[in-house]
Amino acid sequence: MRYIQLHEQTKVPVVKNIIYAVKLVWQADKRLLLGYILSYVSSAIFSLFIQNILFLKVLLTLIDGNSDFRVYVKYLAIFLLVSLFSKAAEWYGSYMNHDATKTVLKNINNKIFKKAYQLDVSCYEDPEFYDKYQRATLVLSSGYYDLICYDISIIVGAVVSFICVITTVTVIDPMYLLFLLPVLFVFAVEISKSRLVYKRDLEMTTNNRIKAYVQRTVFLKDYSKDMRTSNIFAVLMKRFDAAIKSNIVILKNYGLKLFIYSMVSSALSEFIPIIGTYAYAGYQFVYKDTMTVSGFSVVLSSINSVRDTTLNIVEGFDELNQMALYFQNLRDFFDYEPKVVSGTKTAGEFESLEFKNVSFKYPSAQKYSIKNVSLKINKGDTVAVVGINGAGKSTLVKLLLRFYDPDEGEIFYNGINIKEYNFESYRERFATVFQDYKNFAISVFENVMCRECTYEDKAFAKKALIQSGVWEKISSFSNGGDTLLTREFDENGAGLSGGENQKVSTARLFARNFDIAVLDEPSSALDPIAEYRMYENLISATENKTVIYISHRLSSAVLSDKIFVLGDGRLIESGNHSDLMAQNGEYRKMFDLQSKSYKEEVNSDE
């Protein structure tokens, strides 16, 4: 097994990765590799050996021997038939790989999407993961899956042609093999060069990610207003320019070394073999008179074919080595094992939920987001988890839904650790509206139901949109609930305000059958009146259900049976609204401050 060492701790198994890549493509659609091999092997053998060497040798031998014209015509007919067969093989091979390319792209893309869906949420908050993911997707975006099949077919065709040409030259004079020996060292040079290219590209990954982020952000609607009403565009452009300048420095650092590798490779693969062969052939033909015109012509033609086949092999191996390095990233991506693992038990109807001494901090964080939290929620409870921003409220939701597992302590659902439950059955018990809600570029009805909608689904989604308070707006569109959200794919798509988008997202809750509703800042984009109406509808829709409000606003807390107050990741107070007001603690301070702010807002409006 040959390894290329990228840096002190990373070794990449080149041969193993090439085999892995071929298997991946073969499983997706074997016609891609077979088509390339058929097309390029037949082309290489015909052009580099049959046409340039074999037919030339036969033709010149006939001339030297003064053969009659009928023999020449016979060989010409044979050559024509071989030519037609070679072209037919090329065309059919091209047809195969052209059709298979789309299938392979689709299959590998779907495999990447499926794996991305299975990744831990923590991966999306890890810059190192994004770098690895970006390098992995280069296999698709840069067509490396296609290129590796192309390179293999080029190498196979060149090797077969090389053997045929070398055999022909050896028959003429074995001494010519001495001038071809330097070619063997070209492979070592190109392997070192490919390692250097990969290291250069690796260093440029973060800069390229910054460039891609700026290029994407500048064209996104979500950022357009801030771009035009602030100096943020200049800040982003400064980052963009810095990334480009950093890449230029990296390119300069590697430029001289890569130039030297290229010069040495050219000398070994072209200069020495060509000059040596021409000189020796001329010596035999002019001074020793031991070579015929046909032999001399065939040798000179052969060395050009040897040069071409050698370059094809070298370039093919060079690219294969680079592909092996990039496919290592894809292998790492596919081989990633989630740390949060699904259990086997099926979650039954909700009875109780309990946090016992739960502590958690994010992988890159220095301090705990949740520290030694214990609380219990029973069936039918309406619970508010409140606290200032950064108190750990949203982290509590992530732990509850098993986006992360606690570092310490346990979370129990119906008395059983939630780690023992199957993801799907457990999460189906929850209906969740997130603080950073997202709607998709699909129809309003599909956004609510989260699937392609039947007629019955649309009626159900309409009812949910009425309950969330946004149907009046949706019904004003020409296509009603069938209108696409955003104009990204349809110029007649709907552009909704932040509050309207949040109401569409909230409608998903009304459209689901659930045991527990988790509302993480569900009214962050709503005005106080819309917020109050939404809570009224939520109370009606969640009657006899368990509801958990996560909010820094306290309007939801007044309606709750239990209130848990978080501060700096710890549970500092608990009770109902009256109890906490009487305690005159943090909750009372927050409530009085928000009440005062709200009254001032109302008075100023009046």
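How much accessible surface does the chain have, and what percentage of it belongs to carbon and sulfur atoms? The accessible surface comes to about 32200 Å², and 56% of it belongs to carbon and sulfur atoms. Please keep in mind that this is a predicted model. Here are my points.

1. Overall make-up. The chain is built from 19 helices and 12 strands. Of its 606 residues, 44% count as buried. If you look at contacts between residues at least 6 apart in sequence, 75% of them join residues at least 24 apart.

2. The cores. The largest nonpolar core holds 39 residues, and those with the most contacts inside it are Val 448, Leu 465, Leu 509 and Tyr 587.

3. Helix α10. This helix covers residues 393-400 and is mostly covered, with 6 of its 8 residues buried. The buried ones are Lys 393, Thr 395, Leu 396, Val 397, Leu 399 and Leu 400. After α10 comes Arg 402, with a positive phi near 60 degrees.

4. The largest cavity. The structure has 3 cavities of 30 Å³ or more, and the largest has a volume of about 60 Å³. Which element gives the largest share of its lining? That is α10, with 3 residues; Leu 396, Val 397 and Leu 400 are among the lining residues. β3 (352-360), β4 (370-378) and β10 (546-551) each supply at least two residues, as does α10. Other lining residues include Phe 355, Ile 377, Val 518 and Ile 550. By class, the lining has 11 nonpolar residues, with no polar and no charged ones.

5. The second largest cavity. Its volume is about 40 Å³, and it is lined by Val 169, Tyr 176, Leu 180, Thr 277, Val 299, Ser 302, Ile 303 and Val 306. Helix α9 (residues 293-335) gives the most to this lining, with 4 residues. The classes here are 6 nonpolar, 2 polar and no charged residues.

6. Asn 207. This residue sits in helix α6 (residues 183-218). Is Asn 207 buried or exposed? Asn 207 counts as buried because its relative accessibility is 10%, and the cut-off for buried is under 20%. Leaving aside neighbours within four places in sequence, Asn 207 is in contact with Ala 243, Ser 246, Asn 247 and Ile 250.

7. Most residues other than glycine have a negative phi. Asn 372 has a positive phi of about 55 degrees although it is not a glycine, and its place is in strand β4. With a relative accessible area of 44%, Asn 372 is partly exposed. Asn 584 also has a positive phi of about 55 degrees, and it is found in the loop between α18 (577-583) and α19 (586-605). Asn 584 counts as exposed because its relative accessible area is 54%, and exposed means over 50%.

Definitions and conventions: Residues are numbered from 1 along each chain as its sequence is written. This is a predicted model: local features need pLDDT of at least 70, side-chain atom pairs count only at pLDDT 80 or more; totals for chains, interfaces and linings use all residues. Side-chain values use heavy atoms; hydrogens and water are left out. A nonpolar core is a set of buried Ala, Val, Leu, Ile, Met, Phe, Trp, Tyr and Cys residues joined through side-chain atoms within 4.5 Å. Buried means under 20% relative accessible area, exposed over 50%, partly exposed in between (1.4 Å probe, protein chains only). Contact means heavy atoms within 4.5 Å. Accessible areas come from the Shrake-Rupley method with a 1.4 Å probe; for residues, only the protein chains shown count as cover. On a 1 Å grid over the protein atoms alone, a cavity is a set of points where a 1.4 Å probe fits but cannot get out, and a pocket is an open set with protein on both sides within 12 Å along at least five of seven lines; lining residues have an atom within 4 Å of a point. Grid points are joined across faces, edges and corners, and a volume is the space filled by probe spheres set on the points. Ala, Val, Leu, Ile, Met, Phe, Trp, Tyr, Cys and Pro count as nonpolar, Asp, Glu, Lys and Arg as charged, and the others, Gly among them, as polar.
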